[in-house]
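Open the model in your viewer and keep the selection tool at hand. The tour moves from one selection to the next and says what is there.

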Amino acid sequence: MTTDKIESQELQPTILSYVKDIPNLCSLSGLACTIFSIYFSILGVYYAAMIGMIWAVAFDWADGLIARTMKGRTGNDRAFGGQLDVLIDIVSYGVAPAILLLSYGEFEPVFLFGAFIMLAASAIRLSYFSVFGLAGGAKYTGLALDNNNIILVFIFLFEGVFSHGVFSTILYVSGLGLAALNVSQIKTPKLSGNSVNVYILAIYTIGITSIYSWKLL
């Protein structure tokens with residue numbers, strides 16, 4: 001019994017050994033983009049934050065795509081990658097949009113409620129997915145969290161059309177609406193599983209990056 005335990009411990013991989021896994025490197029690149037977006041949201045440089053938010057989605061989709069095409073990955077590799085992906089998702093699609101809302105709302109106390117609802121919905125949605133997975137093996141229950149970033153960066157394109165006060169309300173309502181959809185019972189397809197959608201996201205990411213880069217000049 002003791003010998004088995006020792007052998008099991010010897011065979012257990014190191015924590016950092018998973019960093020060299022390409023899908024995990026992709027996930028961590030997405031996390032870096034999210035930190036970029038959070039940093040610029042706090043500074044009030046929202047156009048730069050939008051670029052970080054959409055690239056976080058691009059890397060999130062890429063890690064799954066790469067993982068599905070790689071051969072020789074073990075069950076532990078897949079399990080670790082899945083856990084890492086979920087933990088990064090809560091930051092990318094929960095924390096980052098919540099901080100965006102707080103910052104755009106000039107950190108007024110009234111925006112704390114909206115930020116909490118957005119973050120709580122993300123945590124609940126991811127916990128539910130971790131337990132039940134895809135409905136029927138093909139569809140998500142509730143709006144998948146990556147859609148939050150995809151939609152918010154589009155909405156923010158119209159920020160210059162409205163006054164700051166009006167757009168902060170639009171952003172608030174949009175955040176609450178997305179949170180409600182995240183925890184709803186609607187069934188949505190796994191968009192990243194379709195190669196056509198991957199190409200569409202790639203075009204969208206490049207387009208959004210170009211537009212916001214131009215706005216930053």
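The stops below cover the core, the aromatic pairs and a surface patch of this predicted model.

**The core.** Select Met50, Leu100, Phe156, Leu171 and Tyr212. These have the most contacts inside the largest nonpolar core, a set of 34 residues. Next, colour helices H3 (46-69), H4 (75-104), H5 (110-132), H6 (146-155), H7 (164-182) and H8 (195-216), each of which gives two or more residues to this core. H3 supplies the largest share, 9 residues.

Now centre on Leu100. Leaving aside residues up to four places away in sequence, Leu100 touches Ser41, Tyr46, Met50, Met53, Phe156 and Leu171.

**The aromatic rings.** Show the rings of Tyr46, Tyr104, Phe156 and Phe167, which ring pairs link into a cluster. Across the structure there are 14 aromatic pairs. For one of them, select Phe129 and Tyr140: the ring centres are 5.6 Å apart and the planes stand at 55°, so the pair is tilted. Phe129 belongs to helix H5 and Tyr140 to strand E1 (residues 139-141), so this pair ties together parts 11 residues apart in sequence.

Ile22 lies in helix H2 (residues 22-43) and has a relative accessible area of 46%, so it is partly exposed.

Conventions:
Residues are numbered from 1 along each chain as its sequence is written. This is a predicted model: local features need pLDDT of at least 70, side-chain atom pairs count only at pLDDT 80 or more; totals for chains, interfaces and linings use all residues. Side-chain values use heavy atoms; hydrogens and water are left out. A nonpolar core is a set of buried Ala, Val, Leu, Ile, Met, Phe, Trp, Tyr and Cys residues joined through side-chain atoms within 4.5 Å. Buried means under 20% relative accessible area, exposed over 50%, partly exposed in between (1.4 Å probe, protein chains only). Helices (H or I, at least four residues) and strands (E, at least two) are DSSP runs, numbered from the N terminus. Contact means heavy atoms within 4.5 Å. Rings of Phe, Tyr and Trp (its six-membered ring) pair if their centres lie within 6.5 Å; planes under 30 degrees apart count as stacked, over 60 as edge-to-face and the rest as tilted.
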